[in-house]
Amino acid sequence: MIFIVLNFTLAGVLLTIGVLTLKKVSHAGEWVFASLPLLFGLHQFDQGIVWLGLLHVVDTHVLHVAAQLFVFYAQAVLPVLVPLAVWLLEARGPKRDLLASLVLIGALLAVYVGWGLAHYPTQVYVHHVSLVYANASIAHLWIALLYILTTCGSLILSRSVTIQLFGWLNLIGLVVVYLIAQYAFTALWCLYAALVSGMLYLYFIERRIAFLSALRRTEVQVEHEVDDELARLTRHLPRLRRLLVRPH
């Protein structure tokens, strides 16, 4: 029962943070990354539905759909969404090219995992008070390694210290969960990743401050240029008027 309350409470908190984060977007390239807290909130809400299904509070069909959506987002969407989000934030240079490679790897991994999840049934059950999502198509070490490379690796490559920290925290959490509770890896790591995703709001506050500061400097510069030109025109207008209206 405590995990149901935790999932729905965390979902509510992250949905609120997600909306606030989206309001801090200053450029088109920030939308994907800024959507992560909101998506993690929806992801945790979906896991709350899975818990309700296992307790027979909701229909079995709803349980099946919720479980499929949870695993699909966690295993197929994140490997391409995270590097894409970081790539859109990165300035031109070698790091952006490397991130583009991770986006491609993540896309190929997403196609393979998505195909596997569609063709093999996903089982969900409770073990040691944790949810276990089991699917034979994704139970491979090479998939796990590529998953870590595309998700955590892309975050660590970012030029932003905050995003790097987010990446390292996710990598540490991933390793700890794998060592302690490998059987519930998908559920517990996504729960942990959702918890630390709240720090992304701070990142977008920093970016918003930088954007508004740059905008203010531009406005001041434009204002000075306008004042200078207005002063010149004001000085020249009487002289020009006298020349034009002088009788011939």
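Me: At what angle do helix 4 and helix 6 pack, and how far apart are their axes?
Reply: Helix 4 (residues 60–89) and helix 6 (residues 141–157) pack at about 30°, with axes 8 Å apart. Axes are lines fitted to C-alpha atoms over the stretch in contact, and angles run from 0 to 180 degrees between N-to-C directions. Helices are DSSP runs (H or I, at least four residues), and strands are E runs of at least two, numbered from the N terminus. This is a predicted model, where local features need pLDDT of at least 70 and side-chain atom pairs pLDDT 80 or more, while totals for chains, interfaces and linings use all residues. Residues are numbered from 1 along each chain as its sequence is written, and side-chain values use heavy atoms, without hydrogens and water.

Me: Parallel or antiparallel, then?
Reply: Helix 4 is roughly parallel to helix 6, a label for angles under 35 degrees.

Me: Which residues make the contact?
Reply: Helix 4 supplies A74, Q75, L78, P79, V82, P83 and V86, and helix 6 supplies Y147, T150, T151, S154 and L155. Contact means heavy atoms within 4.5 Å.

Me: New topic: where is N135?
Reply: N135 is in the loop between strand 2 (130–134) and helix 6.

Me: Buried or exposed?
Reply: N135 is buried, because its relative accessible area is 6% and buried means under 20% (1.4 Å probe, protein chains only).

Me: Which side chains does the N135 side chain make polar contacts with?
Reply: One is T122, at 2.9 Å, and another is S137, at 2.5 Å. A polar contact is a pair of N or O atoms within 3.5 Å; within protein, one must be able to donate a hydrogen and the other to accept it, and residues adjacent in sequence count only if both atoms are side-chain atoms.

Conventions: Parallel < 35°, antiparallel > 145°, perpendicular 65-115°, else oblique. Buried < 20%, exposed > 50% of the residue type's maximum accessible area, 1.4 Å probe, protein only.
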